[in-house]
Amino acid sequence: MKMIRRRGYFLLILIIAFLAGTGILIYSFVAHSGEWALKSYNKHLYNYGTLVGAGTVYDCNDIELAKTVDRERVYAESKTTRKSTLHTVGDPKNFIKTGVQRVWGTRLTGYNQVFGVYSLKKYGKGDDIKLTLDSEICNTAYEALDGRKGTVGVVNYKTGDIICCVSTPSYDVNYPPSSSEIENDEDYAGLYINRLYNAHYVPGSTFKIVTAICAIENMPDVFERTWDCSGKFTPEHGTDIICNANHGHKVDFETALAKSCNSVFAQIAIELGDEKLSETAQRLGIGSPVKVSGELESFAGKFNVDGVADDKLGWTGIGQGDTRIPPIAMLRIVSAVANGGSAVSMNIVENTFSQAGKKLNIALPTGRTQLMDSAVASTMKDLLRNNVKEQYGDYRYEGLNLCAKSGTAQIDEDEDHNIAWFTGFMDDEDCPYAFVVAIENGNSGSQVAGPVANRVMQAVAEKYRK
């Protein structure tokens, strides 16, 4: 009897193990079958590691950015377009993590869990994807960057549609650089990184937008106060924080932002304290990833001032310190300012279509997040508009009704190692677009990144203003 009982227990254990293994197998199939199908050894989709079996990628104007012809992947006719859209479309070997050919690979190949790659076998390619991206605007941005490393992003702050996503360095997929060139040539450093989503940049004075929002929310008399800046501010502990003006001046809050006074904003950050500054920064998304079309996720960023000394809090308040963000995080913040404090979900994919021409109506995120009170957003909008009128010069951005903030972020002790920033939006209901420009080693945000932003936004206004 004991022997039969032992055998029964053993059989029960085997049954449980079998069912558990079956469950794990089913889960793995459901969760990862698409990934397995897209492995480079799948000869239906790849030829010697190069993607060949996939649908067509279109921009918002129905320009073909990538398609399959006779088992060969063919990219846009224009060389400039091939370069300007590389980090959005993706490369043939899927090295670029943000490329739609990688992120939405299962869609493009037409794969599903029931029929596998049946549509690929039947039609020779998978489903088509139409993007929100405008290749003409991307070309303008690519040319404006003029070979410098950096990024340009433009989004409709009402709809969340990204019409421009350019990252440099780039290359022509028809004539790719060799692996040795990529490894040894400094011009190709960070080639596969989409700098809009995944650059680890010091925000510099663009972070004063965050500090200003925190001050408006927590310092009731901030617009009634003035500060005497001697050209520098010396915290109780730590090194001097030098003012951008390099000389003494007396400023109010509005002027301090327009002049980008480091001394004043360091003092404001210290007065606010780590808890309030941290709460505002985190609510605005600093230190969290930005999701695009529900599938693509940016670098989360880095932000932490909990319990830091006054000098470090001051440096953080002016955008230096240990803070690191991707440019799309700042693009999201200025978009929210433009949109009454509400940040809408960002999209790069407009829709997908089967090879039979049927619109598949994929579910894309359409939510919105209130990053700040509408009154705070309105006040911040006025401040950013004042920056352009009183500091940068409206004549430099003719007809754009621009609201913006520049920044020059120092990376290390070498003055030539910096990030030139310019970010903002057009205060225009008929042309609701926000932008961000970040250029590595650009030296001056307003003088280097500003003209790039102007050239791109003039093209946006000419094409999209109703």
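Visitor: Which residues of helix H13 (residues 310-317) are buried?
Guide: They are Asp 311, Leu 313, Gly 314, Thr 316 and Gly 317. Buried means under 20% relative accessible area, exposed over 50%, and partly exposed in between, with a 1.4 Å probe and protein chains only. A helix is a DSSP run of H or I with at least four residues, a strand an E run of at least two, both numbered from the N terminus. This is a predicted model, in which local features need pLDDT of at least 70 and side-chain atom pairs count only at pLDDT 80 or more, while totals for chains, interfaces and linings use all residues. Residues are numbered from 1 along each chain as its sequence is written, and side-chain values use heavy atoms, leaving out hydrogens and water.

Visitor: What do the buried residues of H13 pack against?
Guide: Their partners are H10, strand E11 (241-242) and helix H12 (262-283). Contact here means heavy atoms within 4.5 Å. After H13 comes Gly 319, with a positive phi near 90°.

Visitor: Why is Thr 81 called buried?
Guide: Its relative accessibility is 5%, and the limit is under 20%, so Thr 81 counts as buried. Thr 81 lies in helix H2 (residues 79-84). Neighbours within four places in sequence aside, Thr 81 is in contact with Leu 65, Ala 76, Ser 135 and Asn 139.

Visitor: Why is H10 called oblique to H14?
Guide: The axes of H10 (residues 208-218) and H14 (residues 327-338) cross at roughly 40° and come within 11 Å. Angles under 35 degrees count as roughly parallel, over 145 as roughly antiparallel, 65 to 115 as roughly perpendicular and the rest as oblique. H10 is therefore oblique to H14. Ile 209, Val 210 and Ile 213 of H10 meet Met 330, Ile 333, Val 334 and Val 337 of H14.

Visitor: And what makes H14 roughly perpendicular to H15?
Guide: H14 and helix H15 (residues 374-392) pack at about 110°, with axes 8 Å apart. Axes are lines fitted to C-alpha atoms, for helices over the stretch in contact, and angles run from 0 to 180 degrees between N-to-C directions. The angle falls in the 65 to 115 range, so H14 is roughly perpendicular to H15. The contact is made by Ala 336, Val 337 and Ala 338 of H14 with Ala 377, Met 380, Lys 381 and Leu 384 of H15.
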